[in-house]
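Welcome, and thanks for taking a look at this one with us. Here is a short briefing to read alongside the structure.

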Amino acid sequence: MQLFGKCGSLNTKVLWPILVIIGFDVICFWFFQQQYPCHFYFKGQNQLFLMSWSYVGTLFSKPAWAACLAGEFLTQFYDYAVAGATILTVSLTVLFLLAYQALGSLRLNRWLVLIVALAVIVREASCHLYYGYMLSSTYAMMGGLLMFLILRRLMKCRWPWALMAVLPGMLLCYWLFGYGVWPFLLLSAIAVWRVTVPVAVAFICLLPLMRSYYNLTTADLCRYPGVESFHAPDFLKETDLHMIHSYETGDWDDVVKTAEADPVLNTLKVGGSPQRRLSQDAQVSSTVRRFIYNLVQAQRGKLPDVLLAYYPNYLGTFTSMIGTNIPMLMFMNLHEFYYAIGDIARAERGAMMSCVSVPGNRNAYTIKRLSECALVRNDQKAAEKFLGLLRQTIPYREWAENAQNDERYRQKAQFINLQDTISPSEDSYNIMMQLLRSNPENEVALDYMLCSQLLKKDLDNFKRDYDEFCTERPRIRKLYQEALCIWLMKNEATEEEWQKYIKDVQVMSRLKEYMAGKPSPRFADTYWFYFDVFNLGGN
Amino acid sequence: MMKIRYIFACIAFALLMLLTACTPTPHDVKQSEQEAEIYPDYKDVTIPVNIAPMNFVVRGVDAVEVKAGDLTVRSRGGNVQFGVGEWRALLEKNETIEVEVTALKDGQWTAYKRFHWYVVSDSIDSYLTYRLIEPGYSVWNRLQIKQRCVENFNEHALVDYNLQENRCMNCHTPGSQNPQLSMLYVRGKGGGAILNQNGRLRKLDIKTPDMVATSTYFQFAPSGRYIVFSANVVVPAVQASAQKRLEVYDTESDIYVADLEQNRIIRSQQLSDPDQLETFPAFSPDGKYIYYCTSPSVELPQDYKSLKYVLARIPFDEAAGTIGTQVDTLFTGRSVCHPRVSPDGERILFSVQDYGTFPIWHKESDLWMMDLRTGMVDTLQVVNSDMSDTYHSWSSNSRWFVFASKRDDGLYGKPYFCYVDRTGKAHKPFCLPQQDPTFYNDFLKSFNAPELAKGKIPFDAVDVANAMKLPAEPFKSE
């Protein structure tokens, strides 16, 4: 088809599809790049595509190997900025063109063809709003349409030729593109129903026999590599993923900036009482965001300064990896907490658990974390195993080449747990105590431990541990000073004790003001206000 | 038509030329006394006549030529892969195969020090079953139990997560290496023990209300009528030390015998002593003894390092279905796990560690072998590594055993085969060959609980999925 007709006028048969797809592309690229980029990073991490024949060979164990190969190969580039939106937009454009051509070849009304082709890509785009939807599924559908277009001319011939097109085409289509066989059969049925319908019925009847070959249920055989229903944008998850991505890439200023501008977290700001109740999903998101925000602040030595920023706050120190129904993103990121405080055994365990919680049990980011854990513990054999994998990827290759020489892992090794004991539970207090006994300079673990006690209003243990770890290395923080004031008052401490502990003059003068009247929201930034006003719970 | 044929012929010729042109041949070869860096380590190993091609990779080279006997393999890159047919002929013709590796690196061909493969006519059982699982970190996902023919590279799933609603599943164990008799567990709601008797699958509920837990470790009696099993309350705990990983211990464990004909549980006071932990039971090949490990109960978790299991045995009467009372302690040196008697009854293989009951996370865990006729213990130095070596099982001719070793990276267990000659001497073990020798580099699962069987297990993952829909046969306590 030509864009211009014989008289030089615009050919509307071509013009409209072009205008539609250009319009769609602009909206699609803008939306996914500007509003939804972090879902791509997440999807890119949740696989480990290796540039090796050994890995490619594993794809043959299931149907749709060609769709999976194309989809997974391209998904690895989601790690790069702009790549995700570009790949998706181009893929959906190709899908549109294939659908438009395939439907057009059936001599249907061109407006109907245009509307259906547009509906196909809009539906497909909506599926990509879901963090678990894979690009392979889009390629499976594209493969089905492509197969139809290739065999279309043969289908127009007499029935033996049509049968020779539909039967092997169907089998090939299933082998290469999995559920892409259904659009292929649908279009073929419209084109030559006398041939296609019996073939399709036979295929549907025989499909369950492939359960043994592919080790899939009949339902999974029908929808491999995966189909989804319509999804609406999940902006809550997008912000969660944005904070996680910024944390992982070291853009910690962005984590803080995002948290400070976040309406969900601002709802939890301590300015008196929470302004409005959060929905269930928003509560889950706020948990993830507080966790990441505190993780950043702890490693900047500012955890005591921000502990009272939100009520209730969430540190992750009371969260068990097992046996509790914790949010998926928390589960996947608990290893960050253990890695930050220096508990390498648990960081490795958390990363391993996170790795097995994604499709195919292969998560590139957690493989990186497993390499880091091995490097910190100077376990060269294990490090080589994981680095060897990452060297076969495109996004992580450079990192893997240089990781062995990274001085940060040797520095991190100074903070690891040296105690030879076990913990049957996820008792973070014990873990942090062991880390501090191994290295009293581990300020991240110290702040997490002291802040956890303060959140629980466990002042006696706070004071005991403060004495143990902050006497030789004073850690004068407003929060700790305020907490100590309460302990000193409760225990009717002597003037000498007050002088020994309370070094911040401003704390003393504010305490006098606070004591003079009722707890007022203007003291919402103080531990006294937290201690007197807020009920425990939520952490 | 002629034109198309002509085009095809040209393409085929071009491909042939391309292939031959791409595989360089050695020239100006420099001799070296160094050993080639090959993986897996197949240097100077003893192999059975029926093993699959010992494909390996020469690391860090651009091209390689390998001469093994009269076979020559050349490849660009370091992968060395033999054809199954020519490999079979090679093993049948030779008892000792000299292997010469010549590799191209930085433009220079180097012939490395030769090594040997010693071929023995004692075949290994042809099928190996194993569970594929991520290193034991309490949470599992997408498990499979597979069987692999060790004579070639064929692998099939016996149980697959896709067909089991992603349930947990435990080791598949054959009785006396007989593929027609085996059992495995599928855990979770609606789970049970799946018993294979000549390809017919039964679903059993072996746990009775008075047991401390469900069945964990089990072995068949030689008649196939009984299984002996331990019911363990298993607790995983994380090691604090960065140099260690997990510690798994039992807070309670007892041993029972299940009669698979009459669906009844046979118990003994000695094997369910509340002051003792009894675990890892196994029948002797004549069915007259139950070998097991036992340790006094200690305060847990604080005294976990005091858990030291001894190797013991107690008589069993297969005809009467009764357990005796006389307990013999056979070995007390270190904490013993997984005792397995060779099918000829001459030797018992077990793993030892400093303390505890979960050797896969103990680096110091080694395999030791006791001669049951003399009581002498061989520490199998040629077999063991500086990482965990455990989870072993015998071949039916008692000349081979397979075990899971983490020697490569400390995390992922791989099956290793070891030859025990007629004098009882163990030879250097070798890793299960794979078609693609780089397979293990990219693989992220452990080969867990490898077991040998004389033939192909006669069911597949769909059969197990169907068996799971059956009601579980209950067992009653005696």
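In which sense do strand 1 of chain A and strand 19 of chain B pair, and over how many bridges? The two strands run antiparallel to each other, and their pairing covers 2 bridges. Please keep in mind that this is a predicted model.

**Where the chains meet**

- Strand 1 of chain A spans residues 422-423, and A:Ser423 has B:Val238 as its bridge partner in strand 19 of chain B.
- Across the whole interface, 41 residues of chain A are in contact with 37 residues of chain B.
- On the chain B side, at least two residues each come from strand 13 (155-160), strand 19 (226-239), helix 3 (439-442) and helix 4 (461-467).
- Strand 19 of chain B, which also takes part in the pairing with chain A, gives the most to this side, with 4 residues.
- Sorted by class, the side of chain B that touches chain A holds 17 nonpolar, 11 charged and 9 polar residues.

**Chain A**

- Chain A contains 30 helices and 1 strand.
- Its C-alpha atoms fill a box of roughly 105 × 55 × 40 Å along the principal axes.
- Chain A has 539 residues, and 46% of them count as buried.
- Taking contacts in chain A between residues at least 6 apart in sequence, 66% join residues at least 24 apart.

**A buried helix in chain A**

- Helix 2 of chain A (residues 37-45) is largely enclosed by the rest of the structure, because 9 of its 9 residues are buried.
- Among these buried residues are A:Pro37, A:Cys38, A:His39, A:Phe40 and A:Lys43.
- The buried residues of helix 2 pack against helix 1 (12-35), helix 4 (65-75), helix 5 (83-104), helix 13 (235-248) and helix 20 (364-376) of chain A.

**The two domains of chain B**

- Chain B is divided into domain 1 (27-120) and domain 2, which is made up of 128-142 and 208-449.
- The C-alpha centres of domain 1 and domain 2 of chain B are 35 Å apart.
- Between these domains of chain B, 18 residues of domain 1 are in contact with 11 residues of domain 2.
- Strand 3 (45-48), strand 4 (56-58) and strand 7 (79-80) of chain B each supply at least two residues to the side of domain 1 that touches domain 2.
- Strand 3 of chain B gives the most to that side of domain 1, with 4 residues.
- By class, the side of domain 1 of chain B that touches domain 2 has 13 nonpolar, 4 polar and 1 charged residues.

Terms used. Residues numbered from 1 in each chain as written. Chains lettered and ligands numbered in written order. Predicted model: local features only at pLDDT ≥ 70, side-chain atom pairs only at ≥ 80, totals over all residues. Domains from an automatic or database assignment. Contact = placed C-beta atoms within 7 Å. Nonpolar A, V, L, I, M, F, W, Y, C, P; charged D, E, K, R; others polar. Buried ≥ 20, exposed ≤ 12 C-beta atoms within 10 Å, placed from the backbone. Pairing = 2+ DSSP bridges.
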